[in-house]
Amino acid sequence: MASFTEELRRTADPIFAAIFAHPFVRGIAEGTLAKEQLIHYVKQDFEYLNAFIRVYGIAISKCDHRAAMALFNEQISFILDSETHPHQNFCDVAGVTYEELQGFPLAPSANHYVNHMLTVAHAGTREDIVAALLPCPWTYTEIGRRLLEEVKPDSSHPFYDWMHFYGERESGITMQLRGLLDEWVESLPVVRKRRLEEHFLTSCQLEYLFWDMAYTLEDWPAPVTEALRA
């Protein structure tokens with residue numbers, strides 16, 4: 001019998017397939033992304049990961065046992081100390097410093113994703129939070145693994161570090177979060193499981209939109225310029 005998270009992955013397979021085929025992901029594989037696309041991605045992902053840290057903090061406050069608290073705390077440290085490396089890879093290729101790309105407003109799709117996660121975190125339970133968080137590490141792990149298998153990059157590939165960073169984390173946080181969610185849903189009624197599925201699928205769709213936002217340089221339809229703010 002399939003586990004709850006195996007069922008989630010099967011349901012979300014069309015979204016995962018669309019993500020794998022997205023031109024930004026293909027651009028990573030082919031090393032063809034434009035400087036502006038890399039910069040837009042890093043600007044948005046820096047702020048998105050700040051929100052991810054806050055969501056992990058809220059998750060800690062809703063846990064009863066230290067094992068889960070420790071896991072979420074480790075992930076906060078991972079984002080702060082380690083997940084800067086793939087950003088640095090993009091910055092190096094774009095010819096900019098990481099510090100230059102911090103503190104920018106969220107584009108529409110990134111704003112939607114952040115608000116989705118924070119709403120689930122504040123209004124939901126620990127399992128709601130994990131269901132909403134899980135697509136991020138899961139999709140990146142699968143993207144990285146697939147690109148390593150397909151491209152077999154050597155050190156001359158511009159995104160060698162990015163692919164190895166995510167592709168070599170196959171048994172990491174994704175499996176740990178899946179284990180927690182599978183354990184926590186065992187006693188839940190069907191209606192609660194369907195709600196968790198909604199959170200998961202929404203985050204999967206927003207993962208796709210995040211890639212699309214970066215590729216198209218998405219911005220608000222009537223952005224406010226710095227001159228108008230002054």
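Trainee: Which hand does the crossing of α4 and α5 have?

Mentor: The crossing of α4 and α5 is left-handed. Keep in mind that this is a predicted model.

Trainee: Which residues make that contact?

Mentor: From α4 it is Leu49, Phe52, Ile53, Tyr56, Gly57, Ala59 and Ile60, and from α5 it is Met69, Phe72, Asn73, Gln75, Ile76, Ile79 and Leu80. By class, that contact has eleven nonpolar, three polar and no charged residues.

Trainee: And at what angle do the axes of α4 and α5 cross?

Mentor: Roughly 165°, with the axes coming within 9 Å; helix α4 covers residues 35–61 and helix α5 residues 66–81. The angle is over 145°, so α4 is roughly antiparallel to α5.

Trainee: What about α9 and α10, how do their axes cross?

Mentor: They come within 7 Å and cross at roughly 125°, α10 being residues 160–167. That makes α9 oblique to α10. The crossing of α9 and α10 is left-handed.

Trainee: Which residues of α9 and α10 are in contact?

Mentor: On α9, the contact is made by Tyr140, Thr141, Ile143, Gly144, Arg145, Leu147, Leu148 and Val151; on α10, by Trp162, Met163, His164, Tyr166 and Gly167. These residues divide into eight nonpolar, four polar and one charged.

Trainee: Changing topic. How many salt bridges are there?

Mentor: The count comes to eight salt bridges. Two of them involve Arg9: its side chain meets that of Asp13 at 2.9 Å, N to O, and that of Glu142 at 3.0 Å, N to O.

Trainee: Where do Arg9 and Glu142 sit in the chain?

Mentor: Arg9 is in helix α1, residues 4–11, and Glu142 is in helix α9, residues 135–151. They are 133 residues apart, so this pair links distant parts of the chain.

Trainee: Which residue does Glu150 form a salt bridge with?

Mentor: Arg26, with the closest N and O atoms 2.5 Å apart. This pair also links distant parts of the chain: Glu150 is in helix α9 and Arg26 is in helix α3, residues 23–30, and they are 124 residues apart.

Trainee: How accessible are Glu150 and Arg26?

Mentor: Glu150 is partly exposed, with a relative accessible area of 45%. Arg26 is partly exposed as well, at 22%.

Trainee: Which residues are linked in a network of salt bridges?

Mentor: Arg126, Glu127, Asp128 and Arg192 are linked that way.

Trainee: One more residue. Where does Asn89 lie?

Mentor: Asn89 lies in helix α6, residues 84–94. At 6% relative accessibility, Asn89 counts as buried.

Trainee: What does Asn89 touch?

Mentor: Leaving out residues up to four places away in sequence, Asn89 touches Pro158, Phe159, Tyr160, Asp161 and Trp162.

Trainee: And how far apart are Asn89 and Leu181?

Mentor: Asn89 and Leu181 are 32 Å apart in space, C-alpha to C-alpha, and 92 residues apart in sequence.

Methods: Residues are numbered from 1 along each chain as its sequence is written. This is a predicted model: local features need pLDDT of at least 70, side-chain atom pairs count only at pLDDT 80 or more; totals for chains, interfaces and linings use all residues. Side-chain values use heavy atoms; hydrogens and water are left out. Axes are lines fitted to C-alpha atoms, for helices over the stretch in contact, and angles run from 0 to 180 degrees between N-to-C directions. Helices (H or I, at least four residues) and strands (E, at least two) are DSSP runs, numbered from the N terminus. Angles under 35 degrees count as roughly parallel, over 145 as roughly antiparallel, 65 to 115 as roughly perpendicular and the rest as oblique. A crossing is left-handed if the near helix is turned anticlockwise from the far one by less than a right angle, and right-handed if clockwise. Contact means heavy atoms within 4.5 Å. Ala, Val, Leu, Ile, Met, Phe, Trp, Tyr, Cys and Pro count as nonpolar, Asp, Glu, Lys and Arg as charged, and the others, Gly among them, as polar. A salt bridge is a side-chain nitrogen of Lys or Arg within 4 Å of a carboxyl oxygen of Asp or Glu. Buried means under 20% relative accessible area, exposed over 50%, partly exposed in between (1.4 Å probe, protein chains only).
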